[in-house]
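Me: I have a protein model open and I am new to this. Can we go through how to read its features, one at a time?

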Amino acid sequence: MILLYDLVFQDDRRPSPYCWRTKFALAHKGLKWTEEPTGFTEKHKIAFAGSQTVPVITDGEKSVKDSWAIALHLDRAHPGNPLFESETARVHGRFVANWVDTSVQGTLFPLIVGDLYDRVRPADHDYFRESRGKRLGTADFQGFQAKAREKGVAAFRAVLEPARRLLKEQLFLAGAQPGYPDYALAGAFMWSRIASPLTLLETDDPVHAWRERMLDLFGGMGRRAKAA
Ligand SMILES: N[C@@H](CCC(=O)N[C@@H](CS)C(=O)NCC(=O)O)C(=O)O
């Protein structure tokens, strides 16, 4: 049985974009898993894996940290329903994940940081304030978020343009069927959906229609998750 250490916020919300990549990857492969909710200040739970971040999984005797390493492990250990059918697919997945980590999530974070802070477990508030405060240079997260939203939503939509162009031509970033590139981008949207009521996309945006398809996948796994 696979156990996933998953970031937990108030009211059992599970916003981590990287953990969502892993959940989509597990579902894609048809693997079952259980989850261990892990708060920011519960690093002792993942210390055995030598990790400071989630996702971490245990798969039988083996522990794996980092969403990308987990994806590679899943294909190695469970060859059915591959995430990566070829070297080209693996490199495409890696490129899109890197783009999401930097451009997409980097643009999204300032837009939702106040809402994230409001939904962090009370026990993790100090940790979030210190760690993210250092990163942003302020602990006034609501003020920072309000300022960021003045121009940031348009900037976020602009960052999505390469995906938008592709999604005008095909149903998923991976092609006719969803794959790891889709899971990487969907993770960012799950993060926002679960942590913030902010409207990110216009309804006529091809990315909006794609996001609806992603929410429907695997029996509506994403849609069922507790949203903001
Ligand atoms: N490169 C890592 C990044 C994982 C990551 O940053 N996870 C965040 C949650 S979304 C985390 O655990 N943060 C812990 C912290 O900030 O202390 C991966 O792909 O798994």
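**Reading the helices, the core and the ligand site**

Reply: Start with helix α1, residues 17–29. Its 13 residues reach 19 Å from the first C-alpha to the last, close to the 18 Å expected at 1.5 Å a residue. Keep in mind that this is a predicted model.

Me: How many residues of α1 are buried?

Reply: Buried means under 20% relative accessible area. By that cut-off, 12 of the 13 residues of α1 are buried, and the helix is mostly covered. Among them are Trp20, Arg21, Phe24 and Ala25.

Me: What follows α1?

Reply: Gly30 does, and its phi is positive, near 75°.

Me: What span should helix α7 have?

Reply: α7 covers residues 180–195, and at 1.5 Å a residue its 16 residues should span 22 Å. The end C-alpha atoms are 23 Å apart, so the two values agree. α7 is mostly covered as well, with 15 of its 16 residues buried.

Me: Which way do residues along a helix point?

Reply: An α-helix has 3.6 residues a turn, so residues three or four places apart point the same way.

Me: How is the chain divided into domains?

Reply: There are two parts: domain 1 (2–77) and domain 2 (87–224). Their centres, taken over C-alpha atoms, are 19 Å apart. To see how they meet, look at contacts: 25 residues of domain 1 touch 33 residues of domain 2.

Me: How many residues are in the largest nonpolar core, and which have the most contacts inside it?

Reply: This core holds 70 residues. Those with the most contacts inside it are Leu111, Leu160, Tyr180, Leu185, Phe189 and Trp210. Helix α3 (residues 87–119) gives the most to this core, with 12 residues. Each of domain 1 and domain 2 supplies at least three residues.

Me: Take Tyr180. Which residues is Tyr180 in contact with, leaving aside neighbours within four places in sequence?

Reply: The contacts of Tyr180 include Arg21 and Ala25, both buried residues of α1. Ser67, Trp68, Leu83 and Phe84 are also among its contacts.

Me: Now the ligand. How many residues surround the ligand, and which are the closest?

Reply: 14 residues surround the ligand, and the closest are Lys43, Val54, Asp66, Ser67 and Tyr127. Next, look at individual atoms. A polar backbone atom of Val54 is 2.8 Å from a ligand nitrogen atom. Tyr127 has a polar side-chain atom 2.3 Å from an oxygen atom of the ligand. In the side chain of Arg132, an N or O atom is 2.9 Å from a ligand oxygen atom.

Technical notes:
Residues are numbered from 1 along each chain as its sequence is written. This is a predicted model: local features need pLDDT of at least 70, side-chain atom pairs count only at pLDDT 80 or more; totals for chains, interfaces and linings use all residues. Side-chain values use heavy atoms; hydrogens and water are left out. Helices (H or I, at least four residues) and strands (E, at least two) are DSSP runs, numbered from the N terminus. The expected span of a helix is 1.5 Å times one less than its number of residues. Buried means under 20% relative accessible area, exposed over 50%, partly exposed in between (1.4 Å probe, protein chains only). A nonpolar core is a set of buried Ala, Val, Leu, Ile, Met, Phe, Trp, Tyr and Cys residues joined through side-chain atoms within 4.5 Å. Domain bounds come from an automatic or database domain assignment. Contact means heavy atoms within 4.5 Å. A residue is near a molecule or strand if one of its heavy atoms lies within 4 Å of it. A polar contact is a pair of N or O atoms within 3.5 Å; within protein, one must be able to donate a hydrogen and the other to accept it, and residues adjacent in sequence count only if both atoms are side-chain atoms.
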